[in-house]
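Subject: Structure handover

Hello,

Here is the structure I said I would pass on. My notes on what was found in it follow below.

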Amino acid sequence: MSTVFALVAALFSAPALAQDEPAPKAANADLAAPDTSLQEAYQREFAFLAGLKKQLEQRLGRVQRTNSSEQANLSAEIDAFETTLLNREDRVESLREQLTLAREQSPADDRELVEATLAQATATLTDYGVELPELKETDDRGEAVKKMVDESLAVLGKLSSIYETDGSFFSKEGTKADGKIVYVGRVGAYGVSADGSVAGALAPAGGGKLKVWKDADGETARALGGGQRPTQLSLFVIENMNTQVDDGEGQTIFEHIDSGGAIAWIIMALGAVGLVLSGIRAFMLFRSSGNTDKLETEVGDLMRKGQYAQAATRAADDNSSAGRVLGAVIPSLDQGVDDVEDLVSENLLSENRRIETFAAAILVIAAVAPLLGLLGTVTGMISTFDVITKYGTGDPKMLSGGISTALVTTELGLVVAIPTLLIGNMLKGWGDGIEAAIEHAVLRVINIHKDSARAK
């Protein structure tokens, strides 16, 4: 850039120096032309250099902006790296402090750790009837640990096999029975009384006691008590000896409904109403259906013979929807077309009301039942969350009420809705078929009458 400015300065300084020198005397006016051409060349060169300068300045600006952006990005990355480095240095310092604290709190030797392990093992083995000797200050810790390991292995071997002990348990009736208890590892047990009258798989009765399970098979217990090993075992899997197992009877249908609350009873009442309405509708459709094909044939034969009165009487005696409509239409066939159509429409509407009785109500019940079930679900979940808010989730029994309401109402809503919807649509199809048969019979009678009138 400095070179460009120097060249421009030199170019502009040249004419000035030329002017300071004394001009030679020209022989004539033509000698002034070369000075003018040189000045124009200087001006063109100056314009070119000025444009070049402008381009270079623009390029310099772009380069400076690019460099500034890159510098800002690099500065941001450096700041991020510095922040990460500081965080990691803080983390390292924290870990060093924790390590130092752990070293300060750790025992000077393994003596305390060994004694704590022996104390825990003594408490655990006592539950299985194994008593470890009390550890004294002068006792060899190595021998104590060896004895603990040996006793633990013996207990584990016993718990992983079938073994028997003398003991007592309770019968299904609640009476105490003394005899033999056969343990199947830690997963189950069988009891056999001394006289063999009480036997079966045992379940926890609370407080470490056992009782005969309600569905227990005594033969398996007697076989195990006699030293036999059945190929198949039917037992109650024991999880905790201190918690009593409830062997109550299963819920009745009314208890199951009652567990869903008031909404469950409303759903069942709707289901009962839907069932009654479906029965009434089915009975009315059965009475309205009749044998329409047979009626059409007989009435048509009488009309072809010109016995219109007998045809009307035969139709009226059929006691079906088609018979009632034909019985009203046949005597009026000689009237005008408009009168016949009005009479047909009137009778079809009358029969349609009878055929469609309770049709809408049944489908409404089918639609409302699952919605009530959903309402019960929402109510039950709200109740469950209220219990969780007040008492937490420590006791599952406290949550069972709301969950039972939520699930039972949903179940009953579907139990009512599905069959009601199926029955309602089947009855609707039946009714539509009756209406189509009536219309077909009326059209056939009218066509027979027209054919008879043309024949005359």
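Of the 28 residues in the largest nonpolar core, the ones that touch the most other members are Val-299, Met-303, Leu-326 and Ile-330. A nonpolar core here is a set of buried Ala, Val, Leu, Ile, Met, Phe, Trp, Tyr and Cys residues joined through side-chain atoms within 4.5 Å; buried means under 20% relative accessible area, exposed over 50%, and partly exposed in between, with a 1.4 Å probe and protein chains only. At least two residues of this core come from each of helix 7 (261–289), helix 8, helix 9 (308–316), helix 10 (321–329), helix 11 (337–355), helix 12 (359–391) and helix 13 (396–455). Helix 13 gives the largest share, 8 residues. Helices (H or I, at least four residues) and strands (E, at least two) are DSSP runs, numbered from the N terminus.

This is a predicted model: local features need pLDDT of at least 70 and side-chain atom pairs count only at pLDDT 80 or more, while totals for chains, interfaces and linings use all residues. Residues are numbered from 1 along each chain as its sequence is written, and side-chain values use heavy atoms, with hydrogens and water left out.

Helix 8 (residues 292–304) has 13 residues and reaches 18 Å from its first C-alpha to its last, close to the expected 18 Å (1.5 Å times one less than the number of residues). Its buried residues are Thr-292, Leu-295, Glu-296, Val-299, Gly-300, Leu-302 and Met-303. They lie on the same side of helix 8, because they cover an arc of only 160° around the axis (taken from the directions from the helix axis to the C-beta atoms). Leaving out residues up to four places away in sequence, Met-303 touches Tyr-308, Ala-311, Ile-330, Leu-333, Val-445, Ile-448, His-449 and Ser-452 (contact means heavy atoms within 4.5 Å).

On to the strands. Strand 4 (residues 199–206) is largely enclosed by the rest of the structure, since 8 of its 8 residues are buried. Strand 4 pairs with strand 3 (residues 188–193) in the antiparallel sense over 3 bridges (pairing requires that DSSP finds at least two bridges between two strands), and Tyr-190 stands opposite Ala-201. The two form a hairpin with 5 residues between them, where Gly-196 in the turn has a positive phi of about 80°. Strand 4 also runs antiparallel to strand 5 (residues 209–212), joined by 4 bridges, with Ala-203 opposite Lys-211. This hairpin has 2 residues between its strands, and Gly-207 in the turn has a positive phi of about 65°.

Ile-238 is in the loop between helix 5 (218–225) and helix 6 (253–258). Its relative accessibility is 12%, so Ile-238 counts as buried. Beyond its neighbours within four places in sequence, Ile-238 is in contact with Arg-186, Val-187, Gly-188, Ala-189, Leu-202, Pro-204 and Leu-210. Ile-238 and Ala-189 are 49 residues apart in sequence, with their C-alpha atoms 8.1 Å apart in space.

Helix 5 itself is mostly covered, with 6 of its 8 residues buried: Gly-218, Thr-220, Ala-221, Ala-223, Leu-224 and Gly-225. What covers them includes strand 1 (162–170), strand 2 (176–184), strand 3 and strand 4. Just after helix 5, Gly-227 takes a positive phi of about 90°.

Regards
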